Amino acid sequence: MHADAVVLDVDGVLVDVADSYRRAIVESVARLYDRTVDRSEIQLFKDAGGFNNDWELTYAAALYVLADDREPLDIREFTDQIAERGGGLSAAEAVVDGHLSAADHNAVREAWDPDGLRAVFQALYLGADLFRDLEGGAPPFEAPGYIHDEPVLVDGETLDYLTSRHRVGVLTGRPAAEADIALSRAHLAVPEHHRFTMDDWEEGKPHPRALTTLAERLDADTVVFVGDTLDDVRTAVNAAEADGSRTYRGIGVLTGGLTGETGREKFESAGASAVLDSVNDLPELLSNEEHA
């Protein structure tokens, strides 16, 4: 397919976060509550939508554990109800509110500690040294940091192709400092005004503003956005609805939590223009159109 600009997500596209962010979600809940969700169940939250911010996903997973301890609740039912309410943390809170009695609800709210979860998450993910540098204080415990366990997924040849033939941007839910680390590891240099991070906008994916703004900054008539979640594809779909002056296409890659034929079908149902085994298949997709 044709593209003037290619916008890339980071997690699950450029670097593998299965043993970093997703591990930190599971272990943060376990540290505070001695019980947690399975790592495979993290994808249920991602598919429900509205959890581009992994801190908020951690808070929602903790809410589920606390609520389930009071009144059993199937996690698929929980995440399905989140999706029905539009996704995200506020929807998770609404599901818990409707599931519990007033007394149980008050007990869960009292035990729920988003600030504590965030501190533990950052200590696990960043490690003690980076925590001190980026968080500006002492970590709650010493840890080496899962951020160092993020294998690079994108090949140098892929980046060479993309940067030499297309205008390239980045759209990620990472904080800027953590995005810098991942981009450096992947050897991708992108000017600050050609990227959006958590620090640059409040709405988060799948809100289209970041993508439409990048399209304008990249002076592109046709934009391809490559991501590993349904919200990434939904972002492109929403951008197309919000900005009729340009063409937006969402591309799903099967190197994040969505894999195999099931992942492919979910991407297609969300409106993906193509589904690739990895971002390294993108040059072939784009070059086939160029030579058609």
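Predicted model: local features only at pLDDT ≥ 70, side-chain atom pairs only at ≥ 80, totals over all residues.

Reader: Is His-187 buried or exposed?

Author: Exposed, because its relative accessibility is 71%. The cut-offs are under 20% relative accessible area for buried, over 50% for exposed, and partly exposed in between (1.4 Å probe, protein chains only).

Reader: And what's phi doing at Asp-34?

Author: Phi of Asp-34 is near 60°, positive in a residue other than glycine. Asp-34 belongs to the loop between helix 1 and helix 2, and with a relative accessible area of 73% it is exposed.

Reader: Which peptide bond is cis?

Author: The one from Lys-205 to Pro-206, with omega near 10°. Pro-206 is in the loop between strand 3 (195-196) and helix 10 (209-217).

Reader: Switching to charges. How many salt bridges are there?

Author: The count comes to 22 salt bridges, taking a side-chain nitrogen of Lys or Arg within 4 Å of a carboxyl oxygen of Asp or Glu.

Reader: What does Asp-19 pair with?

Author: Arg-39, with the closest N and O atoms 2.7 Å apart. That pair links distant parts of the chain, 20 residues apart: Asp-19 is in the loop between strand 1 (5-8) and helix 1 (21-33), and Arg-39 in the loop between helix 1 and helix 2. Asp-19 is partly exposed at 38%, and Arg-39 is partly exposed at 36%.

Reader: Which residue does Arg-185 bridge to?

Author: Glu-150, at 3.5 Å from N to O. Arg-185 is in helix 9 (residues 176-186), while Glu-150 is in the loop between helix 7 (114-135) and helix 8 (156-165), 35 residues apart. Arg-185 counts as partly exposed at 27%, whereas Glu-150 is buried at 3%. Salt bridges with shared partners join Asp-11, Glu-150, Arg-174 and Arg-185 into one network.

Reader: Now the inside. Which residues touch the most other members of the largest nonpolar core?

Author: Leu-8, Leu-14, Phe-45, Phe-78, Ile-82 and Val-226, in a core of 76 residues. By nonpolar core I mean a set of buried Ala, Val, Leu, Ile, Met, Phe, Trp, Tyr and Cys residues joined through side-chain atoms within 4.5 Å. Helix 3 (residues 54-70) gives the largest share of this core, 11 residues. Apart from it lies another core of 16 residues, including Ala-5, Val-7, Leu-171 and Ala-215.

Reader: Last one: what is Leu-44 in contact with?

Author: Ile-75, Arg-76 and Thr-79, leaving aside neighbours within four places in sequence; contact means heavy atoms within 4.5 Å. Leu-44 is in helix 2 (residues 42-48) and is buried, with a relative accessible area of 15%. Its C-alpha atom is separated by 9.7 Å from that of Ala-83, 39 residues apart along the chain.

Methods:
Residues numbered from 1 in each chain as written. Heavy atoms only, no water. Helix = DSSP H or I, 4+ residues; strand = E, 2+ residues; numbered from the N terminus.
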